[in-house]
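Below is a short note on the model, in numbered points. Please read it alongside the coordinates.

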Amino acid sequence: MKAVSRALDIELKEVDDWCCCGASSAHNTNFDLSIALPARNLIAAEKDAMDVMVPCAACFNRFKTAEHHLKADKDLKAKIEGIVGAKYQGGIAIRNPIDIIFNDIGIDVLAEKVVKPLTGLKPVSYYGCLLLRPPEVCEFENYENPFMLDKMMKAIGADVKNWSYKTDCCGGSLAISKTAIVVEMCDRLMNGAREADANCVVTACPLCMANLDMRPSEGKKLPVFYFTELISLAMGLPGSKDTFKSHIFDPRPLLSQLGLI
Amino acid sequence: METFLEEVNKKINGVPLQRCYHCRKCTAGCPMTKHMEYNPNKIIKMIQNGQRDKVLNSSTIWLCLSCETCITRCPNQVDIASMMDVLRQMAIQQGTVREANVLKFHEAFLAGMKFGGRINEPMMMVQYKLKSGDLFSDALLGLDMFKKGKLALLSPRTKDMKSVRNIFEKTKNR
């Protein structure tokens, strides 16, 4: 993410002294907590007057949900400001890297920077559930059949395949406490990818990436990439191969067979 | 006396559940329906019927993944995902949590946050395993993740922990 951002002139600064957004665990058990934790981070980011870029779909969703409630409900805003101990201005945008690269940088600029097109790579694009839903909160236009990632993959030379599981949930939030069900959900996605004639999956969310990399049954697995790994590879950025060794299902045999590494 | 339906509506604080005309679109799109004892539409019907105990004792509310497909597709903007949050919180308060391990995971996660402001995965997993008694599942996967550098035993914490603990203190369920 950092290397790709640098190469695309996206200036990054870590939010000062951030804390976790509370994820499913906060909103499942305590509404006020689930708004106050992202609000603390948003208020910290406001001090730098920079927009917040949130790669994880679930974190992105929690930030957008907090923003949605804080802007719609004055009483709640006052209550949350009391809890956090600081004022929320609401002046900065919450963005996902997919949206920034697709809309601000643009597909043409991305295509120009490709030095090694990913010929032979046939990914299906997977957006996950929480990046796009609900649409009034996440504010993406095409929330049932998104195409931002598909167009990016095409721009870097991959033969992206169409499928109907782009926004089906991978079960991430119950991966540890209800593992058997989540294995079944991941297997279903892997089956769908194979039916679409894909040889790998590319995700818009790092947590979906981890879940799909770890949880499918043996024999069902396909290499799974977070999208900036592939952009970095196509742009020939230094260190672009370093992340592949940390995958649970090793993508290197596929990539070397295609002559990409 | 307040009915169960009124109580749930008040807590959702949005579109009232009476708006549901039972088209079952929520249920058609829900990825967990086949694992649930009552599907999402049935839960709405049961709330309308005042079946408080059955709803708050059901596994359904803990199997909901909060993927928000239901609210996205509901033609009447009934916020079923928020409804599930509200029902879980009510079940916690009255002490009828059917899927204990799901709650134990959330508790381990939040305990990790209260300790460091950010999640340290190995520590959270140890917490969860001690709470749930499910000691050995994922042990090999954990080892593999560790070898591949995906798990760090030590990770940076939030410095201003006072502000984080303060948020937990002030939002405590009473």
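1. Helix 3 of chain A (residues 31-46) has 16 residues, which at 1.5 Å a residue should span 22 Å. Its end C-alpha atoms are 23 Å apart, so the two agree. The expected span is 1.5 Å times one less than the number of residues. Helices here are DSSP runs of H or I with at least four residues, strands are runs of E with at least two, and both are numbered from the N terminus.

2. A caution on provenance: this is a predicted model, where local features need pLDDT of at least 70, side-chain atom pairs count only at pLDDT 80 or more, and totals for chains, interfaces and linings use all residues. Residues are numbered from 1 along each chain as its sequence is written, and chains are lettered from A and ligands numbered from 1 in the order in which they are written.

3. Now the chain interface. 43 residues of chain B are in contact with 42 residues of chain A (C-beta atoms, placed from the backbone, within 7 Å). Helix 8 (100-116) and helix 10 (139-147) of chain B are among the elements that each supply at least two residues to the chain B side. Helix 8 of chain B gives the most, with 7 residues. That side divides into 18 nonpolar, 15 polar and 10 charged residues.

4. 17 residues of domain 1 of chain A are in contact with 22 of domain 2 of chain A. On the domain 1 side, helix 1 (2-7) and helix 4 (57-72) of chain A give two or more residues. Helix 4 of chain A gives the most, with 7 residues.

5. Last, strand 3 of chain A (residues 123-126). A:Pro123 and A:Ser125 point one way, A:Val124 and A:Tyr126 the other, and all are buried. In a regular strand the side chains alternate between the two faces of the sheet. Strand 3 of chain A runs parallel to strand 4 (residues 200-203) of chain A, joined by 4 bridges. A:Ser125 has A:Val202 as its bridge partner.

Technical notes: Two residues are in contact if their C-beta atoms, placed from the backbone, lie within 7 Å. Ala, Val, Leu, Ile, Met, Phe, Trp, Tyr, Cys and Pro count as nonpolar, Asp, Glu, Lys and Arg as charged, and the others, Gly among them, as polar. A residue is buried if 20 or more other C-beta atoms lie within 10 Å of its own, exposed if 12 or fewer, and partly exposed in between; C-beta atoms are placed from the backbone. Two strands pair if DSSP finds at least two bridges between them.
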